[in-house]
Amino acid sequence: MQDLYRAIHNHPEFKRLEAERARLGWSLTGVVLAIYFSFILVIAFAPELFAQPIHAGSVISWGIPLGILVILISFLLTGYYVYRANTRFDPAREALIRDIRASNPDFREPS
Amino acid sequence: MIRASHLLLPLLLLVPAGSGLAAELEGARPVNYTAIAMFALFVFATLGITWWAARRTRTTKDFYAAGGSITGLQNGLAISGDFMSAASFLGISGLVFASGFDGLIYSIGFLVGWPIILFLLAERLRNLGKYTFADAVSYRLQALPIRSLAACGTLAVVLLYLIAQMVGAGQLIQVLFGLPYPVAVILVGLLMILYVTFGGMIATTWVQLIKAVLLLSGATFMAFMVLLHYGFSPEALFADAVRVHDSGRDIMAPGGLVSDPISAISLGLALMFGTAGLPHILMRFFTVGDAREARRSVFFATGFIGYFYILTFIIGFGAIVLVGTNPEFRDAAGDLLGGNNMAAVHLGEAVGGDIFLGFISAVAFATILAVVSGLTLSGASALSHDLYASVFRHGRVSERDEVRVSRIATIILGILAIGLGIVFQEQNVAYMVGLAFAIAASVNFPILFLSMYWRRLSTRGAAVGGFIGLATAVLCMLLGPTIWVDILGNDEAIFPYKHPALFSMSAAFISIALFSLLDRSRRAQDEQQAFDWQYVRSQTGIGAEGASKH
């Protein structure tokens, strides 16, 4: 099986595909981290910002809609990732592996 | 299982009789038979499922991983079931009830771990592992030290998490049946042991699934009734809450819960990265057939959990106005009956009467039972699969033996959980779970994450650094305000912060990096070479356990 792993690992198209995928994963992670830690840092250093009412005379403070927005954005981003993985990465990778296997018929099927 | 129902039947029949007496003795409210009937009905229904599943548990794979036969949507529901524990439902609504906005800090922290798991870990984990996350880490690292570390980390997390659930369940049973708290905790412990020893993962998965649906419906109903009361105007709800709450306007802003920046950041880190180190959650990625289904499970789980957290926020505020102002729910001293953790349960009675009270209590109880079972199961598999089968017997063990050991481990964990549940009675359950998250973020998460993303990670680095992370986290907790002052009764905490994650996570990552970089052994070089093969397998699923067979 290691021969198959090596062939896949050294394949330039595989490298390109996985780099693209890693970029997506890490940038989405970065977005979530940035949003969440801005939220936490406001609570840590400037809680009065979240205490501001959303408009004059309202009891609802900015913290509440913003907090709910963090939850919604997290969900939407997971949806986006799943969509990209299903439509772009899975088919491309499967096709590539089929190619590699076809051009090296002596690879053992993994048990 | 026949033996089990013989044990259980007299136990449940005894409860109403004994509880009436206890209620009279303690001067609590009269026993609510409608609520209890609903409650008993539901508990028996879930036991029925366990029995059904028990007949289907034949192999080790069935016991730990439900035979890999669960779909993405089902698993997403089961994951959210695991996650919508006593901490989420009772704890967060209790926190919102007590301090308003602060509850949302926990909700958001619990939720944002999920996208991170999806983007960085879920698929790789599924492709590398078999039953536990230690399988994935020991793909290229030496099994013995890694499994020992993973087992210790898992047990620490599981125990803390268990305590929180036991406290929630104990208080629930105490309120509903008027039973003394210790009796309630023992009852929960016994039921939990029955669940896990007979059903294994298939049973807990099904219970989680059904319970997730019921809990989501119940919480939706409660939030709907609260909003209906205010003509669907959040403004009116919040205005009323501010008017009646002791803290007034302060409940709309971050407040006492995270009083200093260090605690806020520390809590934030624990909640965000802790999810990615929770053994009973990571275990759920092996119950699906392949990486694609693992991915879908996270998507569904994030949706359900996010929706649920928005509901608990409304429920908490609803409890402030509908429960907090009603003297019926207060004891002589003016405290909430059963403690703040019970805010959601009382709200159930306030908006839905006795029948709904019985329903929501049963759902909360089943929630706890199912979460506790999932936790115990992952604790048990840490002991039987990671320690007993792999470390002590070097993999030369029959499936029969391994399942037997994990059943014994379940019983031991159950007894421990009962004892600790009694000791930690006064703690908010969401906070207790926060501590479990801190350990998960300081031990399991660093080694899992680095094993997948850092080529230079060596066995020595992971083992030594992981233990340093674990020791730092446990020590900070023991010397911190909760245990050192509240439980042990000392005057001043040696470690001043309630949340250790900032310190213990840093300790773990720095020492893992240091000991890996200094490791110049031959083995460390082989491990770096194996990183490439691990990478291919984790990305493609070629050679993955159970993949493509389902």
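How many salt bridges are counted between chain A and chain B? The count across this pair of chains is three, where a salt bridge is a side-chain nitrogen of Lys or Arg within 4 Å of a carboxyl oxygen of Asp or Glu. The structure is a predicted model, in which local features need pLDDT of at least 70 and side-chain atom pairs count only at pLDDT 80 or more, while totals for chains, interfaces and linings use all residues. Residues are numbered from 1 along each chain as its sequence is written, chains are lettered from A and ligands numbered from 1 in the order in which they are written, and side-chain values use heavy atoms, with hydrogens and water left out.

Chain A contains four helices and zero strands, helices (H or I, at least four residues) and strands (E, at least two) being DSSP runs numbered from the N terminus. From the N terminus on, the order of elements in chain A is α-α-α-α. Of the 111 residues in chain A, 42% are buried, a class that requires under 20% relative accessible area, as against over 50% for exposed and values in between for partly exposed (1.4 Å probe, protein chains only). Among the contacts of chain A (heavy atoms within 4.5 Å) with a separation of 6 or more, 61% are accounted for by residues 24 or more positions apart.

Chain B holds 21 helices and zero strands, and 66% of its 550 residues count as buried. In chain B, 84% of the contacts between residues at least 6 apart in sequence join residues at least 24 apart. Chain B exposes about 17,800 Å², and carbon and sulfur atoms supply 64% of that area.

The contact between the chains draws 53 residues from chain A and 52 residues from chain B. About 4,800 Å² is buried between chain A and chain B, 77% of it given by carbon and sulfur atoms, where buried area is the accessible area (1.4 Å probe) that two parts lose on being put together, summed over both. On the side of chain A, Tyr5(A), Val59(A) and Ile71(A) lose the most area to chain B, and together they make up 15% of what that side buries. One salt bridge joins the side chains of Arg292(B) and Asp90(A), at 3.3 Å from N to O. The elements giving two or more residues to the side of chain A that touches chain B are α1 (2-10), α2 (12-45), α3 (47-51) and α4 (63-103) of chain A, and α4(A) gives the most, with 19 residues.

Within chain B, helix α8 (residues 143-177) includes Val175(B) and also Gln171(B). Gln171(B) is buried, with a relative accessible area of 6%, whereas Val175(B) counts as partly exposed at 24% relative accessibility. The side chain of Gln171(B) makes a polar contact with that of Asn341(B) at 2.9 Å. When neighbours within four places in sequence are left aside, Gln171(B) is in contact with Tyr181(B), Gly338(B), Asn341(B), Met342(B) and Gln425(B), and Val175(B) with Leu337(B), Gly338(B), Met342(B) and His346(B). Val175(B) and His346(B) lie 171 residues apart in sequence, yet their C-alpha atoms are 9.4 Å apart in space.

Phe232(B) is situated in the loop between α9 (181-229) and α10 of chain B, where its phi is near 55°, a positive value in a residue other than glycine. Phe232(B) is partly exposed, with a relative accessible area of 43%. In helix α10 itself (residues 234-244), Asp240(B) is buried at a relative accessible area of 19%, and its side chain makes a polar contact of 2.5 Å with the side chain of Tyr230(B).

Helix α16 of chain B (residues 429-442) comprises 14 residues and reaches 20 Å from its first C-alpha to its last, close to the 20 Å expected at 1.5 Å a residue, the expected span being 1.5 Å times one less than the number of residues. Because 14 of the 14 residues of α16(B) are buried, this helix is largely enclosed by the rest of the structure.

Methods: Polar contact = N/O pair within 3.5 Å; in protein donor to acceptor, adjacent residues only side chain to side chain. Areas by Shrake-Rupley, 256 points an atom, 1.4 Å probe, with all protein chains shown as cover.
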